[in-house]
Structures are given as C-alpha cells and as structure tokens.
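Hi everyone, thanks for coming. Please have a look at the structure on the screen, and I'll walk you through a few parts of it.

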Amino acid sequence: MTNFSQVVSIDPAVCTGCRRCSEVCPVDAISGAEGEPQSIDTSRCVICGQCVQICSAFVSPFDDAAENLPAMRTGRGLAANDSATLFAAHFRNDTKRVGDLLNNPSMKSMVQCAPAVRTSIAEEYGLAPGTLTPGQLAASLRRLGFDAVYDTIFAADVTIMEESSELLERIRSDGPLPMFTSCCPGWVRYMESAWPDLIDHLSSCKSPQQMAGALFKTYGAEIAGVAPESIASVSVMPCTGKKHEAARPEMQSSGYPDVDAVLTVTELAAMLKAKGINLAEMPEEDFDVPMGLYSGAGVIFGASGGVMEAALRTAIAVISGNEVNESGVKFVPAGKGIRRASVEVAGRTIRAVIVSGLANAAALLEDVRAGKADFDFMEVMCCPGGCVAGGGQPKLLPGVNVEEAIALRRSGLYRHDRELPVRASHKNESVLALYEKFLGKPLGHRSHELLHTHYGTEGGEH
Ligand code: SF4
Ligand code: SF4
C-alpha cells in the first residue's frame with residue numbers, strides 16, 4: 001500500500017522486478033533482486049520521477065491484482081472507479097485535492113503552469129511532442145474553473161531578476177562562488193542530502209513555482225482584494241519533485257503555503273478529460289494579467305541550459321548596458337551532459353557551466369569541494385534534457401523514440417521564445433511594474449522575505 005505522504009512509490013503487487021527503473025535512477029535509490037519487487041530508499045531519492053517515466057508494468061484487468069483495483073486506486077489518491085492505468089512505479093495523485101479546492105466556494109483559485117507544460121500536454125490528445133498550446137492551455141484551465149489563470153513563466157522572469165542580481169552581488173563581494181542555480185527541486189534535494197558542505201553555493205532564490213505562489217498570496221491577494229488564506233494556489237508542473245518542494249515547511253512566506261497543490265501534466269490532462277474539456281479543440285486565450293505576462297527568456301527555463309541563457313541575457317544587459325535578445329554566448333560540449341562557455345562582460349570574465357542530468361554533476365562538485373572549480377556559475381537540471389523530460393510529463397511508452405520526443409519538446413520552447421515580442425526578463429513590463437508597485441528592487445527587503453529562502457534544512461520528509 002502506498003504511503004500517501006510519499007510522492008514516488010513502487011507498488012510491490014505490480015512490480016515485475018525488471019529493474020529498468022534502477023538503471024535510470026540518478027542516485028541509486030532503488031534496490032531489489034531481479035524478478036522481485038523493488039523498493040525505494042526514500043533518504044536517497046530526489047523525487048525526480050524518472051522511474052515513473054520508464055516503468056511499463058501495469059495492472060491488467062486479467063491479473064490477480066485486478067481484484068484489488070478499487071483499493072489500489074484509493075491508496076494512490078484516485079477515486080475508486082478512476083480509469084487511469086495503474087503502473088508499478090507511480091507518483092501520488094493530487095487531482096482530488098485540486099478538485100476539492102476548486103469546489104470550495106469560499107476560495108479564490110489561482111493557477112500557474114510551468115514552461116514545459118505547453119510543449120508536451122498536446123501529446124495527451126494525440127498530437128506530436130513539441131506542439132505548442134499556450135493559448136489552449138489558458139482556455140482549458142479557465143474552463144476547469146480557475147478564477148485567475150497565471151503563468152509560472154512570469155515568475156521565471158522574476159527569478160532571473162533576483163538570480164542575476166545575486167550573481168553580480170556575489171562577484172562584487174567575493175562569493176561564495178561558484179553560484180549554483182536552485183530552481184530544480186531534485187538538484188536542491190541532492191545538494192542537501194549528498195553535498196551539505198557546499199550548500200552556500202546554491203542561489204538563495206526560491207524556484208519559479210514557489211516565487212509565483214508567494215506572490216499569489218501577497219501581491220495577488222492585494223489585486224484580488226482578498227485575504228491570503230482565501231487563495232487556493234495550484235500549479236501545473238512537468239515534475240514530480242515539485243509536489244515535495246511545495247510541501248517544504250519553509251515555503252510559507254505569507255504565513256500560508258505558497259503552493260497548496262501541484263498537478264503534473266498527466267494529472268491535469270486527466271482532470272480536463274473527466275470534465276469533457278478537449279484542450280486540442282480549445283480556442284486560444286491569453287493568460288491573465290499581471291502575472292500571466294512573460295518573456296521568451298522565461299520560456300526556455302523548461303529546457304536544460306535555458307536558465308543559464310536567460311540569466312546571461314539579463315546579466316550582460318545589466319553589466320554592459322547592451323540590450324540583447326539572446327546572450328550570444330555559445331556553449332560547447334565539455335564531457336557527458338556538460339557544456340561550458342566564457343563571456344567577457346565589462347572587463348570581467350564569467351565562466352558558465354550547464355549540467356544536464358544529476359549524475360553528471362559529481363565531478364564538478366568534487367572540484368568545488370577541493371577549491372579547484374574553474375567556473376563562476378553553474379546550472380544543474382536533475383532530469384537529462386531538463387524539465388521537458390520531467391517525471392510528470394506524458395509517459396513516453398516503449399516504442400517511442402524518447403530522445404527525439406524530448407528534442408521536439410525542447411525545440412517547441414525555443415520556437416516560442418523566438419516568436420515572442422519580449423525575450424529578456426528585465427524587459428517584461430509586468431515584472432517591472434511588480435518591482436515598482438510592490439517589491440521595490442531585486443534583493444530588496446520584500447524580495448528577501450518572499451522570494452528567497454535558506455536551503456540546507458532539508459524541507460520535509462520524502
Ligand atoms: S517499478 Fe517498474 S521499472 Fe521498476 S522494476 Fe518494477 S516493473 Fe520494472
Ligand atoms: S524518483 Fe528519481 S531518485 Fe527517486 S527512486 Fe525514482 S528515479 Fe530514483
């Protein structure tokens with residue numbers, strides 16, 4: 001039986017012991033003999049969901065286990081008569097929780113969706129990976145009943161304002177450098193559990209999901225004219241780790257949880273289908289203002305290298321005064337899953353590293369620990385390829401060319417970036433208005449209170 005508080009689990013009644021999950025687990029958290037049910041060491045697990053993505057063992061109506069289907073469904077947070085396929089490796093289902101929030105007439109619901117959702121959710125309707133549906137996504141969320149349809153990408157732009165300022169501050173005040181990005185919860189959890197002595201290298205920025213949630217319950221509450229406790233803050237993510245991140249006890253800047261519930265892409269698709277909403281046939285609608293306006297820089301957060309690219313677009317503009325749509329920085333391969341670049345800005349060289357896949361970060365961390373790091377700024381994404389390949393994305397079943405599908409999702413995001421009129425976070429007028437009317441300035445008092453945190457306390461159990 002699933003432990004309901006646990007985000008990722010393996011059901012021993014369904015697991016065949018094929019061990020494909022253990023091959024993709026980046027932290028060697030899955031154990032068990034071949035042919036026997038596997039188990040997850042929750043103290044090591046970083047909740048990336050890659051095991052969920054690869055597992056293809058499910059309960060068939062002809063299996064002995066099918067007798068217990070209603071109990072298995074409720075154990076996973078599903079309705080007893082839900083029609084979802086029950087795979088052995090699975091994540092906690094939060095659709096009922098979100099349904100309850102939407103049905104509560106005393107709550108004002110605000111939703112955000114991460115960049116990588118709009119390049120993959122169309123797959124749930126039979127369309128090709130990389131099919132872009134931001135307008136249909138906004139329309140579908142509105143039909144589902146959300147009062148305000150906002151966007152995580154707005155908060156990604158805010159993250160860049162804060163994170164690029166933090167990088168420049170660390171460069172000016174001698175550290176601690178190198179600075180590591182902190183928007184991937186699997187990466188943060190890995191740092192906290194395996195490299196606690198290097199925790200000060202992590203940016204103090206919350207992830208875009210948590211920044212958006214903190215702003216919903218403060219800035220958003222002011223705009224809506226309601227109390228923070230009356231806001232139901234929901235996010236739609238490509239990531240299973242975001243469910244854990246939202247539950248971290250320190251993520252309550254307003255005095256209430258920044259994010260009340262997290263849906264993966266597959267969970268949102270299931271909710272839409274249950275209500276008869278066909279996203280593929282929806283008209284294109286805009287996200288709501290002000291927290292639904294976004295730049296192309298925030299869009300590319302959803303692919304490995306995108307946070308670095310977005311941060312450099314703004315950092316270069318701030319240091320040199322040259323406005324850029326693209327950083328113009330060319331990253332070159334430097335080992336498995338690693339790319340590097342150096343950029344000269346106002347007489348200073350910034351050496352940047354992008355790491356795709358948690359397992360590829362260890363050698364670089366050893367260099368940092370030994371005081372031999374030859375870089376200033378490092379982006380790490382836990383899932384190979386970044387959020388486009390997250391554990392909450394539509395499942396790429398056997399027979400699908402996984403690399404090609406991930407590449408198509410990625411190219412969809414970069415196409416969206418190129419097509420947007422504003423492509424740098426510091427040019428997003430809604431973000432500038434947020435600072436003018438509410439936050440003050442990046443790294444200011446209110447930003448520190450709402451948008452930054454201290455990692456290292458390991459927020460919550462698995
Ligand atoms: S959880 Fe799934 S992938 Fe892992 S061993 Fe069991 S059946 Fe295989
Ligand atoms: S969620 Fe990720 S870290 Fe945890 S067991 Fe699965 S593959 Fe390993």
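Let's start with an open sheet of four strands, in the order β6-β5-β8-β9, with parallel pairing. One thing to keep in mind as we go: this is a predicted model. Which strands stand at the edges here? They are β6, residues 148-149, and β9, residues 261-264. Each has a single partner strand, so one side of each is left without a neighbour in the sheet.

Now let's walk across the sheet. Two bridges join β5 to β6, and the two strands run parallel. On its other pairing, β5 meets β8 in the parallel sense, over six bridges. Then strand β8, residues 231-237, is joined to β9 by four bridges, again running parallel.

Val-149 in β6 stands opposite Val-111. Val-111 in turn stands opposite Val-234 in β8. And the bridge partner of Val-234 in β9 is Ala-261.

How much of β5 is covered? Mostly, it turns out: five of its six residues are buried. Helix α4, residues 95-102, lies across β5 (108-113), β8 and β9, and runs at about 125° to β9. Helix α8, residues 208-224, lies across β5 and β8, running at about 145° to β8.

On to another sheet. This one is open too, with five strands in the order β7-β13-β12-β11-β10, and here the pairing is mixed. The edge strands are β7 (179-180) and β10 (332-333). Each of them has a single partner strand, so one side of each is left without a neighbour in the sheet. Looking at the β7 end, β7 pairs with strand β13, residues 377-381, in the parallel sense over two bridges. One residue pair to look for there is Phe-180 with its bridge partner in β13, Met-378.

Next, a helix I'd like you to find: α14, residues 402-419. It has 18 residues and reaches 26 Å from its first C-alpha to its last, close to the 26 Å expected at 1.5 Å a residue. Which of its residues are buried? They are Ala-405, Ile-406, Arg-409, Arg-410, Gly-412, Leu-413, His-416 and Asp-417.

Finally, let's zoom out to the protein as a whole. There are 16 helices and 13 strands. Along its principal axes, the C-alpha trace spans about 70 × 50 × 40 Å. How does the radius of gyration fit with a compact globule? For 462 residues, a compact globule would have a value near 23 Å, and the protein has 21 Å, which agrees. Of those 462 residues, 52% count as buried. And if we take the contacts with a separation of 6 or more, 75% of them are between residues 24 or more positions apart.

Note on methods:
Residues numbered from 1 in each chain as written. Chains lettered and ligands numbered in written order. Predicted model: local features only at pLDDT ≥ 70, side-chain atom pairs only at ≥ 80, totals over all residues. Expected span 1.5 Å × (residues − 1). Buried ≥ 20, exposed ≤ 12 C-beta atoms within 10 Å, placed from the backbone. Pairing = 2+ DSSP bridges. Rg over C-alpha atoms; globule rule 2.2 N^0.38 Å. Contact = placed C-beta atoms within 7 Å. Axes fitted to C-alpha atoms, helices over the stretch in contact; angles between N-to-C directions.
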